[in-house]
Amino acid sequence: MALAFACGESYSSSNIGFLRFLNFIKHNVSQIFSNIFCCESNIDPHTRTGENEGPLTSIGELVTRVGDCYRFTTQDWFSRKKDCDDKGDPGAVFNVLDSVLKDSLERLKNMRESIRLDLENVGFDSCTLEAANPSQATLFRYLCLEGKLETALWLRRKLIRKGAVLDVVSHNCLLNGLCKIGDIEKADSLIRDMLEMGPPPNLVTYNTYIKGHCLKNNLDQALYLFSAMATEGIRPNRVTCNILVHALCKRGLLDDAKKLLGEILSDDNEKASSDLITSTILMDGYFKSGDTVQALGLWDQMLHKNIKIDLVAYNVLIHGFCLSQHINVAYGYFAEMLKRGFVPDCFTFNTLLSALCKEGKFDEACRIHNVMLKMGVAPDKTSYKIIIQGLSTYGDLVKANEFLHHMLEKTLMPEPIIWNLIIDGYGRCGDLGNALSVKDHMLSLGVAPNVFTFNALIHAQAKGGNNVKAYSLKKEMLLNGLFPDLVTYNLLIGAACSSGHIAVALELQDEMLKRGIEPDIITYTELIRGYCKRGDVKEAEKLLTKMRRSGLQIDHVPFKILIKKYCQVGQHDMAFDLYQKWLMRGK
C-alpha cells in the first residue's frame, strides 16, 4: 500500500474494504480453529454489536456462526458415539478437522484470487502516470490476436482514465485489429486520438492504416495517406510500397504501380528484397490482367539484376501460365524450380491441380497428387476440394468419394461445401440413394448441413420426380433454423411446373415474395414453362411481357418455350412475331 501511495496511486474505498475484509477473515478463521481444538467458543455472538468492526459487522456475525457450526458438529460426533467410553472417536475427529481445513483454505484461495482479479481489472497493478510498459503492449497484442478487440478497446479507455499513457506499439496493435475487421471509422477515431493526445503515429501506424484502406478498396485515401507521410517527416519503406503496388495491381492500374517502384528505399541492405517482393507483386498483376509479355519482362529484369529468386516468385510465374492455360510452360518452370533446389509447397501443387482439373485432365491431376505425397508435401483442404469439385462436375463420383475418404483417413474434416459437391453430383446423376447416404455420413461426423446441402437434395428429389419429398426438405430446412433462398424456390417451382401443378408453383412464388426474395429469370422461365404445359398461352404471354418490363436480362429460353408452344397449336404467325421480337430485344 505504501508503494502504491508513493507512486501516486490513490486507493478507492472498495480496495481498502477488500484488504480489511481479508484481515478480518484471517482473524475469524483462526478463531474457528481455536474453537474446534478447545471445544469452547470464545466468541459471544451477542457481544458483536459492530462498535469495533464498522461496516463489516454482518459478515463478522456470519463467520462467527460458521465457527459455532463447526464446533457443534465436532462435539456432536463425540456425544453420539455410544461405544467410546467418553473418550471420543479419534478417527472421526481428524476426518472433521481435515474437512474443515480443506474447506476453509479453498474458500480463502478463491477469495484471494477474486480480489486479485478485481484489483487487476481496475488497473491497480499496471496503472501508473508513466508510459505503458512492454507487458501492456504484449497484452494488447494477445487480445487482438484472440479476436477480443472490444475488450482491448475497453482496457485502453480504462487505462487512459487512470492516467496511463499507452505506447505506440499498443496503439498499432489496436489499429491493426480494427483494419482487419474493416472498421475504418473506429480506426479513424483512434488515429485522431493519437494525433491529439499521443503517442504520435510512426511508420508502422501509417503502413497499417494504408493497408486498412486498401482492404476496403479506398485507394484514393490510401494514396493520400502515402503523400501525407512526407509532411509528417516519415519516409515510406518497402512495406509501404508493396501494399500500394498490390492495391494498384488489383485495380488494374499497372502503370501507376510500376511508377511506385521508384519509391522503394535505396538502402543497399534492403534493395534486393525490396525489388524482389515488389517486382513479384507487379508480375502477378500483369499475369492476372493477361499481359504475359510484361510479366516475363519483369522476370528477365530480375534475373539480369542477379536478384535472388525465391519460391514465391516461381509460384507467381507458374500460376500466371496456368491462368493463361499454358500448362506445358508452367511444367517447364516447375522443373526449373526443382533444379534450382526449391521444394514446391502446397500452393505450387494446388495451382497445377486447379489448371489440370479445369482442362478435364483428371488422370494427370491424380498423378500430380501422388507426386505431391511422394515429395512429402501434405495436401490441404484446398487440394482435395479442387480434385473433388472437378471429379463431381464431370460425373466421376466414385473417385470423388475415394478422395473424400482419403481426407477422413488423414483426419482432415471436409467442409460442408465438399460434402455438398458430392451430394449434388449424385443428385445430377439421379443417384438419390448415394446422395442421401453421403448426407447421413456427413451428419454422423457432426457436420451440420447448410442451405446448399438441402438445395442439392431438393434438386435430387425433384429430378427423381419425388416432389412431395422435395417439399418436405423445405420444411426440414426451417426446423434446422435455415431459410430457403432463391435457388430453393426456383427448384421447387420448377418441379411443380414440370409436373403440371401450376397452382402450387404460384403459391411458392407468393411465399418467396413475402420473404422478400425477388424472382429472377429462372423463376419466370419455369412459370412460363408451367403455363405452356397446361395450355394457358395467354398467361404465359402476360408473364413474358412482365418479365421484359422488369429490366432483367432475358436469354433465348423463355422465347423458345413460347415459340415451340405456338407451333404446337398451329399459331405460326404468332410464333414468327415472337421470333422477330426476340431478334429485336437488344435494340
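Trainee: Is Tyr394 buried or exposed?
Mentor: Tyr394 counts as exposed, at 52% relative accessibility. Exposed means over 50% relative accessible area, buried under 20%, and partly exposed in between, with a 1.4 Å probe and protein chains only. This is a predicted model, where local features need pLDDT of at least 70, side-chain atom pairs count only at pLDDT 80 or more, and totals for chains, interfaces and linings use all residues. Residues are numbered from 1 along each chain as its sequence is written, and side-chain values use heavy atoms, leaving out hydrogens and water.

Trainee: How many aromatic pairs does the structure hold?
Mentor: The structure holds 9. Rings of Phe, Tyr and Trp (its six-membered ring) pair if their centres lie within 6.5 Å; planes under 30 degrees apart count as stacked, over 60 as edge-to-face and the rest as tilted.

Trainee: Why is the pair of Phe334 and Phe349 edge-to-face?
Mentor: Their ring planes stand at 70°, with centres 5.8 Å apart, so the pair is edge-to-face. Phe334 belongs to helix 16 (residues 327-339) and Phe349 to helix 17 (residues 346-358); helices are DSSP runs of H or I, at least four residues, numbered from the N terminus.

Trainee: And are those two buried or exposed?
Mentor: Phe334 is buried, with a relative accessible area of 11%, and Phe349 is buried at 0%.

Trainee: Changing topic, which residues does Ile318 touch?
Mentor: Not counting residues up to four places away in sequence, Ile318 touches Ala330, Tyr333, Phe334, Met337, Thr348, Thr351 and Leu352. Contact means heavy atoms within 4.5 Å.

Trainee: Which residues form one aromatic cluster?
Mentor: The cluster is formed by Phe287, Trp299, Tyr314, Phe321, Tyr333 and Phe342.

Definitions and conventions
Helices (H or I, at least four residues) and strands (E, at least two) are DSSP runs, numbered from the N terminus.
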